[in-house]
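Subject: Structure handover

Hi,

Here is the structure I promised to pass on to you. Have a look at it first, and then read on for what turned up in it.

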Amino acid sequence: MLSQIMNAISLWALPVIILTILTAGLFKRVPLYETFTDGAKDGFKVAVGIIPYLVAIIVAISMFRASGIIEMIENSFAPLLAHFHVPADTIPLMIVRSLSGSAALGVFSDIANNFGPDDYATKLSAVMVGSSETTFYVLAVYFGSVGISKLRYAMLTGLLADFIGIVAAVSVCNLVF
Amino acid sequence: MNYIFYFLIVISIIAGALNGKLSEVVNAIMQGAELSVKVAFSLIGIMAFWLGMMKIAEKSGLVEIIAKIIKPITKRLFNEIPENSPAIGDIAMNFSANALGLSNAATPMGLKAMEELQKHNKNKSSASNAMCMLLAMNTAGFQLIPATVIAVLIGIGAKNPTEIIAPTLLVTTIAFVSAIIIAKIFEKYWSPQTCDTTTSEVQEAENA
């Protein structure tokens with residue numbers, strides 16, 4: 001039942017939004033086609049404008065991930081985190097989920113395939129991936145699009161919230177599963 | 001940002017050398033650079049589509065209506081932004097798209113909001129408090145239903161893949177609310193933005 005409602009929401013969300021926007025435009029006599037193309041013109045400009053910021057962030061993160069440091073962190077924190085019933089295999093996910101969305105999903109699929117759907121590690125990583133957004137990517141794209149290079153406290157806020165999210169995921173999963 | 005950029009690269013090179021993975025680290029530079037352009041180019045089409053849709057939504061007054069509904073909340077979160085600014089409507093649309101898990105639509109709406117916030121920004125190269133708040137809301141990744149994760153769980157034959165929805169929603173709400181509270185605390189205690197261009201140039205020189 002719940003999964004049916006969920007599927008219906010995923011399926012209908014976009015069509016409903018698009019229909020609402022177009023119908024509202026028609027009622028207010030907005031020239032739909034001209035207005036659409038006028039707004040769409042900025043698509044290229046914005047996407048190309050964020051390239052320098054994306055290169056800076058994505059290159060640094062690719063290097064970070066290739067260096068093997070995540071495994072080093074995994075090894076040094078595994079004994080400590082074992083006290084909180086955190087399986088060692090989920091540690092890379094805690095780091096990667098702030099850095100790269102596709103990598104986080106990859107690590108999660110790996111864990112899910114290795115441990116099976118009913119294992120605690122799979123459920124914990126599912127909650128950690130499902131409740132996170134790629135902080136570094138969002139910062140690069142959003143600030144890059146308006147050419148801001150001084151982020152002030154935005155990055156610290158994002159990382160602190162990510163940390164709280166990890167602590168919350170571990171606590172909630174300890175209670176629920 | 002300067003320090004994080006420096007730190008990430010230096011640590012990677014040192015750790016790469018220690019782990020005997022230096023050649024992988026060097027290869028990652030090229031792969032990362034290529035990936036960045038791929039990501040940016042893959043955004044062009046969907047970005048154009050949603051920016052076009054947003055323009056219609058704006059011209060028809062729809063954005064304004066949504067802004068009015070959400071005003072009691074945004075007034076507190078974005079107190080520097082005038083209530084009638086289109087930024088408020090864009091922020092509301094961005095949040096709704098994120099909550100529904102429509103990240104393809106959420107990003108263009110968020111960038112539209114950033115553009116509007118930049119108009120109110122005193123120092124065009126530094127993040128305003130309102131921008132930091134919008135980023136806090138976005139980096140926390142609030143989402144009602146984690147559709148991708150559930151798809152993976154269904155893929156490996158989970159009997160009850162929807163059991164993660166409630167815990168995930170609880171965790172994402174905790175993270176989202178914390179992000180907003182943290183941003184509000186920093187807004188009060190972090191050194192305020194400089195609006196004088198000469199001081200900001202001095203600061204830039206210092207940071208460089």
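**What turned up**

Ala147(B) sits in helix H7 of chain B. With a relative accessible area of 38%, Ala147(B) is partly exposed. If you follow the chain, Gly101(B) is 46 residues away from Ala147(B), yet the C-alpha atoms of the two are separated by 7.4 Å. Before you go further, please keep in mind that this is a predicted model.

**Chain B as a whole**

What is chain B built from? You will find nine helices and zero strands in chain B. Along the sequence, the pattern of chain B reads α-α-α-α-α-α-α-α-α. Chain B has 208 residues, and 50% of them are buried.

**Chain A and its domains**

On the chain A side, the domain assignment gives domain 1 (1-40) and domain 2 (42-176). Taken over C-alpha atoms, the centres of domain 1 and domain 2 of chain A are 31 Å apart.

Two loop residues of chain A are worth a click. Arg29(A) is in the loop between helix H1 (2-27) and helix H2 (32-40) of chain A. The phi of Arg29(A) is near 55°, which is a positive value in a residue other than glycine. Arg29(A) is also exposed, at 75% relative accessible area.

The other one is His85(A), placed in the loop between helix H5 (69-82) and H6 of chain A. For His85(A), too, phi is near 55°, again positive in a residue that isn't glycine. His85(A) has a relative accessible area of 52%, so it counts as exposed, the cut-off being over 50%.

**The largest pocket**

Next, the largest pocket, with a volume of about 1300 Å³. Its lining is made by 49 residues, and Gly101(A), Ser102(A), Glu133(A), Thr134(A) and Tyr137(A) are the ones that lie nearest its centre. Several elements give two or more residues to the lining, including helix H4 (51-66), helix H6 (91-99) and helix H7 (101-115) of chain A, and helix H2 (22-59) and helix H5 (103-120) of chain B. Which element gives the largest share of the lining? That is H2(B), with 10 residues.

**Salt bridges**

Over all chains, the structure holds 11 salt bridges. Side chains of opposite charge can pair when their charged atoms come close. Here are some of the pairs to look up.

Asp118(A) and Lys159(B) meet through their side chains in a salt bridge of 3.1 Å, N to O. Asp118(A) is in the loop between H7 and H8 of chain A, while Lys159(B) is in the loop between H7 and helix H8 (165-189) of chain B, so this pair joins two chains. Asp118(A) is partly exposed at 48% relative accessibility, whereas Lys159(B) is exposed at 71%.

Another salt bridge is formed by Lys123(A) and Glu163(B), whose closest N and O atoms are 3.4 Å apart. Lys123(A) belongs to helix H8 of chain A and Glu163(B) to the loop between H7 and H8 of chain B, so here too the pair joins two chains. Is Lys123(A) buried or exposed? Lys123(A) counts as buried because its relative accessibility is 13%, and the cut-off for buried is under 20%. Glu163(B), with a relative accessible area of 28%, is partly exposed.

Within chain B, Glu83(B) forms a salt bridge with Lys71(B), with 3.5 Å between the closest N and O atoms. This pair links distant parts of the chain, 12 residues apart: Glu83(B) is in the loop between helix H3 (62-77) and helix H4 (86-99) of chain B, and Lys71(B) is in helix H3 of chain B. Glu83(B) is partly exposed at 42% relative accessibility, and Lys71(B) is partly exposed at 28%. There is also a network: Asp38(A), Lys41(A) and Lys55(B) are joined by salt bridges that share partners.

**A patch on the surface**

Last, have a look at Ile5(A), Ile9(A), Leu100(B) and Leu144(B), which make a nonpolar surface patch of about 290 Å². Leu144(B) is in the loop between helix H6 (129-139) and helix H7 (147-155) of chain B. Leu144(B) is partly exposed, at 37% relative accessible area.

Best wishes

Key
Residues numbered from 1 in each chain as written. Chains lettered and ligands numbered in written order. Predicted model: local features only at pLDDT ≥ 70, side-chain atom pairs only at ≥ 80, totals over all residues. Heavy atoms only, no water. Domains from an automatic or database assignment. Patch = residues over 30% accessible without salt bridge, like charges linked within 9 Å, V, L, I, M, F, W, Y side chains within 5 Å. Areas by Shrake-Rupley, 256 points an atom, 1.4 Å probe, with all protein chains shown as cover. Salt bridge = Lys/Arg side-chain N within 4 Å of Asp/Glu carboxyl O. Helix = DSSP H or I, 4+ residues; strand = E, 2+ residues; numbered from the N terminus. Buried < 20%, exposed > 50% of the residue type's maximum accessible area, 1.4 Å probe, protein only. 1 Å grid on protein atoms, 1.4 Å probe; cavity = no way out; pocket = protein on both sides within 12 Å on 5 of 7 lines; lining within 4 Å. Points joined across faces, edges and corners; volume = space filled by probe spheres on them.
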